[in-house]
Number of protein chains: 2
Amino acid sequence: MPKRSAESLLTAAQGGDRAALARMLSLVERGGEPAREVGRCLGRAGAGDRAAKAGGGDEGAAYAVGLTGAPGSGKSTLTNALVRLLRSRDQQVAVLAVDPSSPYSGGAILGDRVRMGDHALDDGVFIRSMASRGHLGGLAVATPDAVRVLRAVGFDWVLVETVGVGQVEVEVAGQADTTVVVVNPGWGDAVQAAKAGLMEIADVFVVNKADRPGASETRRDLERMLDLSGDTAGWRPPVVAAVATTGDGIDDVWTAVEAHRAHLEAAGELRDRRRRRAADEITRVIAARLLEEARHLTASEEAAALGEEVADGRLDPWSAADHLLDRGVKNL
Amino acid sequence: MPKRSAESLLTAAQGGDRAALARMLSLVERGGEPAREVGRCLGRAGAGDRAAKAGGGDEGAAYAVGLTGAPGSGKSTLTNALVRLLRSRDQQVAVLAVDPSSPYSGGAILGDRVRMGDHALDDGVFIRSMASRGHLGGLAVATPDAVRVLRAVGFDWVLVETVGVGQVEVEVAGQADTTVVVVNPGWGDAVQAAKAGLMEIADVFVVNKADRPGASETRRDLERMLDLSGDTAGWRPPVVAAVATTGDGIDDVWTAVEAHRAHLEAAGELRDRRRRRAADEITRVIAARLLEEARHLTASEEAAALGEEVADGRLDPWSAADHLLDRGVKNL
C-alpha cells in the first residue's frame with residue numbers, strides 16, 4: 001500500500017472515505033511520529049473552522065460521551081440503543097470500543113461488522129475498536145487523539161465504550177466530556193462501582209437491566225452514596241433506570257447526558273475539562289518519550305551489572321533505578 | 001494497624017505467617033518506596049543463603065511458571081490441577097493470579113478463598129491475586145517483585161496465572177522462567193495465539209479441553225507454526241494435550257515444564273533470562289520515576305498554554321510534549 005500523507009487521508013476522510021478514516025485512527029493508535037503527523041495535520045486544518053461550523057465556540061465541536069461499567073452490565077447494548085436514538089435525530093455518531101485487554105484493534109475481536117447490525121448500511125455511523133498497541137502513552141493518549149480525528153471529520157457525537165472497569169478503562173472513560181457509568185440491579189449494591197473508582201468519574205449513572213429485581217435498591221444505594229460524596233461543581237449525577245435491550249429509558253439516559261452537557265457549557269466547565277484532559281495527555285506523552293530515554297540508560301555496562309544484582313535478589317529494581325537515574329539523567 | 005518493618009514482616013513470613021506475607025506482597029504491589037523497602041530487606045537477607053539451601057547456584061531458588069491464554073481457555077483449572085500435582089510431590093507452591101483489568105487485589109474479586117478449594121487447609125499452598133494499583137511500573141514490575149518475595153519465603157514453585165492475553169498479561173507471563181500458553185481446540189486455529197504475540201513467549205503449549213472436537217487439528221496447526229518460527233536457543237516448545245477438569249495430561253504438562261527448566265539450567269540460559277528480566281524491570285522503574293518528573297514539567301504556565309492549544313485542536317499532544325521536553329528535560 002503506498003503511503004498516503006496525513007493531509008490526503010484527512011481530506012478523503014472528510015469527504016466520507018471510511019477507509020481513509022480507519023487508516024488515520026490506526027496512525028493515532030500507533031502513537032509517536034505517526035500520531036504526531038496526524039496531530040500536526042489536524043492543527044493546520046484548523047479547529048476554528050469546525051467550531052464555527054458547529055456554531056458557538058469550540059464547545060460546539062463533536063462531543064465525547066464515555067460509557068463504562070463492569071463486564072456484562074450491558075454497555076454495548078446501551079451504546080447501540082443510543083446510536084439508534086441519535087440516528088433517529090439525524091446526528092452523525094462514531095463509536096470507539098476500547099479494549100485494553102486485547103492486542104487487536106480495527107474490529108478483529110469485537111466484531112465491528114457484527115456490532116454494526118442495522119447500522120451497517122448507514123453512512124452516519126462509524127464503529128471502531130481501539131486496543132493496546134504497546135506504546136507507553138497507550139489508550140489514554142490514543143483515544144482522545146482518535147476523538148479529535150473524529151471531531152475533525154465532522155461527527156456530532158463520539159461514544160467511547162470500554163470493556164471493563166480496570167485502571168485503563170476508568171482513565172479512558174473519565175477523559176470524555178460526559179461519563180456514563182452503567183451498573184446493574186444487585187451489582188454489589190453499587191459498592192463495587194465505588195471501589196472501582198467510578199463515583200469520581202460518573203456524570204450520569206444508568207441502572208441498566210432495570211426490569212430485574214433489586215433495581216430500586218441499587219438506585220437508592222447510588223443516591224445515598226451521592227449524598228455522601230456531595231456535588232461536584234454544582235452537578236449531582238442523576239441516576240437513570242433503563243432496559244437497553246427493549247429501549248426502555250434510553251430517552252431518559254440521553255436527556256441526562258444532554259443536561260450534563262448544557263451544565264458544562266453554561267458553567268464554562270467544558271473548556272476547563274478539555275484543558276485538564278489535554279494536560280494529562282501531554283504528561284503521558286512526555287512519560288513515553290522519557291521511557292525511550294530510559295532504555296538508553298539501561299543499555300550501559302553499569303546497568304548490566306545492576307541487572308545481575310537484581311536477578312540474584314541482592315538488589316531491588318527500585319534502588320537500581322535510583323542509582324542509574326542519579327548517574328544518567330543529567331545526560332539525557 | 002501499627003506499621004511493621006519489612007524485616008519483621010520477612011522474618012514472620014519465613015516462619016509461616018501468611019498475614020505477614022500478604023502484607024509484604026501489598027507493599028511490592030504499591031511500588032515506589034514501600035517496594036524499595038521490601039527489596040532492600042530481601043537483599044540484606046541474602047539471596048545466597050536461599051540458593052545454598054536449594055542446592056546448586058541461584059538457579060535452585062523458587063522457579064516461576066507463567067500461564068497465559070485467552071479468557072475461558074481453562075487456565076485457572078489447569079493451575080489448580082498443577083497445584084494438586086505439586087502438593088502430591090510435597091512441593092511448596094504459590095499462585096499469583098494477575099488481573100490487570102481489575103482495580104482489586106488481595107483476593108477481593110478473584111475469590112482466592114473460593115479458589116483455594118481443597119487447598120484451604122494446606123500450609124504448602126499460597127494463592128494471591130495481583131491487580132493494577134495505578135503506578136506506572138505496574139504489574140510488570142510488581143509481579144517479579146512478588147516472585148522474589150515468595151522465593152525468599154521458601155516456596156519451591158510460583159505459578160503466575162494471567163486472566164487474558166492483553167499487553168500487560170503477555171508481558172507478565174513472558175517474564176516467568178517457563179511460560180505455558182494455554183489454547184483450546186478450535187480456538188481460531190491457533191492463529192489467535194500467534195496474533196496475540198504468544199508464539200514469542202511460549203516455552204510450552206497446552207491444548208486444554210483436548211476431549212473436545214478439533215484438538216488434533218489445533219495441535220497440528222501449532223506444530224506447523226512452530227515449524228515456521230524455528231527453535232529458540234535450541235528449544236522447540238512441545239505441544240501437550242490435557243483436560244484440566246479431569247486431570248488427564250496434567251503429568252505431561254508438568255513433565256514438559258520440567259524439561260524446559262532442565263534445558264535452561266543446562267544451557268546457562270536461566271541466569272541470562274533472569275538478568276534480561278531484571279534489566280527490563282529496572283527500565284520500567286526508571287520510566288515510572290521519570291513520569292513523576294514529567295508531572296513537574298507540565299505544572300508550568302507554558303504547559304498550561306500548550307494544554308489549551310491541544311484542547312482546542314490547534315496542536316497535538318506529541319508536539320506539545322516535544323516542546324516541553326526541549327525546554328525542561330535539562331532541569332530535571
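The model is predicted, with local features needing pLDDT of at least 70 and side-chain atom pairs pLDDT 80 or more, while totals for chains, interfaces and linings use all residues. Residues are numbered from 1 along each chain as its sequence is written, chains are lettered from A and ligands numbered from 1 in the order in which they are written, and side-chain values use heavy atoms, leaving out hydrogens and water.

Chain A contains 15 helices and seven strands, these being DSSP runs (helices H or I, at least four residues; strands E, at least two) numbered from the N terminus. Of its 332 residues, 58% count as buried. Among the contacts in chain A with a separation of 6 or more, 74% come from residues 24 or more positions apart, contact meaning heavy atoms within 4.5 Å.

Six aromatic pairs occur over all chains, a pair being rings of Phe, Tyr or Trp (its six-membered ring) with centres within 6.5 Å, stacked under 30 degrees between planes, edge-to-face over 60 and tilted for the rest. One of these pairs joins Tyr63(A) to Trp157(A) in an edge-to-face arrangement, at 5.6 Å between centres and 70 degrees between planes. The two residues stand 94 positions apart and so link distant parts of the chain, Tyr63(A) belonging to strand β1 (residues 63-69) and Trp157(A) to strand β4 (residues 157-162) of chain A. Tyr63(A) and Trp157(A) are both buried. In the pair of Phe126(A) and Phe155(A), the ring centres are 6.3 Å apart and the planes meet at 40 degrees, so that this pair is tilted. It too links distant parts of the chain, with Phe126(A) in strand β3 (residues 125-131) and Phe155(A), 29 residues away, in the loop between α7 (139-153) and β4 of chain A. Phe126(A), at 8% relative accessibility, counts as buried.

Ring pairs also connect Tyr63(A), Trp157(A) and Trp254(A) into a cluster. Over the face of Trp157(A) lies Arg261(A), at 4.9 Å from the ring centre. In chain B, the charged end of Arg261(B) is placed over the ring of Trp157(B), 4.9 Å from its centre; the criterion is NZ of Lys or CZ of Arg within 6 Å of the ring centre and within 35 degrees of the ring normal.

In chain B, seven strands build an open sheet with parallel pairing, in the order β3-β2-β4-β1-β5-β6-β7, where two strands pair if DSSP finds at least two bridges between them. Strand β2 (residues 93-99) of chain B is joined to β3(B) by seven bridges, and the two run parallel. Asp99(B) has Ala131(B) as its bridge partner in β3(B).

Asn208(A) is buried, at a relative accessible area of 2%. Neighbours within four places in sequence being left aside, its contacts include Ser73(A), Gly74(A), Val182(A), Asn184(A) and Ala242(A). In helix α3(B), the buried residues include Pro34(B), Arg36(B), Val38(B), Cys41(B) and Leu42(B).

Definitions and conventions. Buried means under 20% relative accessible area, exposed over 50%, partly exposed in between (1.4 Å probe, protein chains only).
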